[in-house]
Amino acid sequence: QVQFVESGGGLVQPGGSLRLSCAASGFIFNWYIMGWYRQVPGKQRELVATITNGGSENYADSVKGRFTISRDNAKGALYLQMNSLKPEDTAVYYCGRLSGDAKTRVSDSWGQGTQVTVSS
């Protein structure tokens, strides 16, 4: 079955960096646009970055210039390099696959996510 396993989160000071990883399985990884989402308690999950199978990237305005998404199709892995972190980046981060419009998530079960906390 389709599975996503996120890792790499932690506690970091404002201005710091983290690199998140997502191991995806159960589908043909390089057929899909992949994305990173984040969720703060009480708020809707937000799509923060996407990458096509050809490597074209797109970012939410809130993370543009600070986050970089990448993928390794051979490994079925997705990454998110997060620099210049701000307290408002604090959230649980999830990965997922998207349909061809690059906006609609395929209705898979979510992984466990990885907690990112930005605080001094």
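Biologist: How do E1 and strand E3 pair, and over how many bridges?
Modeller: E1 and E3 (residues 18-25) pair in the antiparallel sense, over 5 bridges. Two strands pair if DSSP finds at least two bridges between them. Strands are DSSP runs of E, at least two residues long, numbered from the N terminus.

Biologist: Before we go on, what kind of model is this?
Modeller: This is a predicted model: local features need pLDDT of at least 70, side-chain atom pairs count only at pLDDT 80 or more, and totals for chains, interfaces and linings use all residues. Residues are numbered from 1 along each chain as its sequence is written, and side-chain values use heavy atoms, with hydrogens and water left out.

Biologist: Which side chains of E1 point to which face?
Modeller: They alternate along E1. Phe4 and Glu6 point to one face and are buried. Buried means under 20% relative accessible area, exposed over 50%, and partly exposed in between (1.4 Å probe, protein chains only).

Biologist: Why would side chains alternate in a strand?
Modeller: In a regular strand, side chains alternate between the two faces of the sheet.

Biologist: What sheet does E1 belong to?
Modeller: An open one of 4 strands, in the order E1-E3-E8-E7, with antiparallel pairing. Strand E1 (3-7) and strand E7 (67-72) are the edge strands, and each pairs on one side only. From one strand to the next, the twist averages 15°. For angles, axes are lines fitted to C-alpha atoms (for helices over the stretch in contact), and values run from 0 to 180 degrees between N-to-C directions.

Biologist: New topic: rings. How many aromatic pairs are there?
Modeller: The count comes to 5 aromatic pairs. Rings of Phe, Tyr and Trp (its six-membered ring) pair if their centres lie within 6.5 Å; planes under 30 degrees apart count as stacked, over 60 as edge-to-face and the rest as tilted.

Biologist: Why is the pair of Phe4 and Phe27 called tilted?
Modeller: The planes of Phe4 and Phe27 stand at 55°, so the pair is tilted, with ring centres 5.8 Å apart. This pair links distant parts of the chain. Phe4 is in strand E1, Phe27 is in the loop between E3 and strand E4 (33-39), and they are 23 residues apart.

Biologist: What other pair does Phe27 form with a Phe?
Modeller: Phe27 also pairs with Phe29, tilted, at 6.2 Å centre to centre and 35° between the planes. Phe27 counts as buried because its relative accessibility is 16%. Phe29 is buried too, with a relative accessible area of 6%. Ring pairs link Phe4, Phe27, Phe29 and Tyr32 into a cluster.

Biologist: Which Arg residues lie over rings?
Modeller: Arg19 lies over the face of Tyr79, 4.1 Å from the ring centre. The charged end of Arg45 sits over the ring of Tyr94, at 4.2 Å from its centre. The rule asks for NZ of Lys or CZ of Arg within 6 Å of the ring centre and within 35 degrees of the ring normal.

Biologist: What about Arg66: where is it, and is it buried or exposed?
Modeller: Arg66 is in the loop between E6 and E7. Arg66 counts as buried, at 10% relative accessibility.

Biologist: What does its side chain reach?
Modeller: The side chain of Arg66 reaches the backbone oxygen of Ser62 at 2.8 Å. A polar atom of that side chain also lies 3.0 Å from the backbone oxygen of Ser84. A polar contact is a pair of N or O atoms within 3.5 Å; within protein, one must be able to donate a hydrogen and the other to accept it, and residues adjacent in sequence count only if both atoms are side-chain atoms.

Biologist: And where is Ser84?
Modeller: Ser84 is in the loop between strand E8 (77-82) and strand E9 (91-98). Ser84 is partly exposed, with a relative accessible area of 42%. Its phi is near 50°, a positive value in a residue other than glycine. Most residues other than glycine have a negative phi.

Biologist: What is the phi of Ala102?
Modeller: Ala102 has a positive phi of about 65°, although it is not a glycine. Ala102 is in the loop between E9 and strand E10 (114-118).
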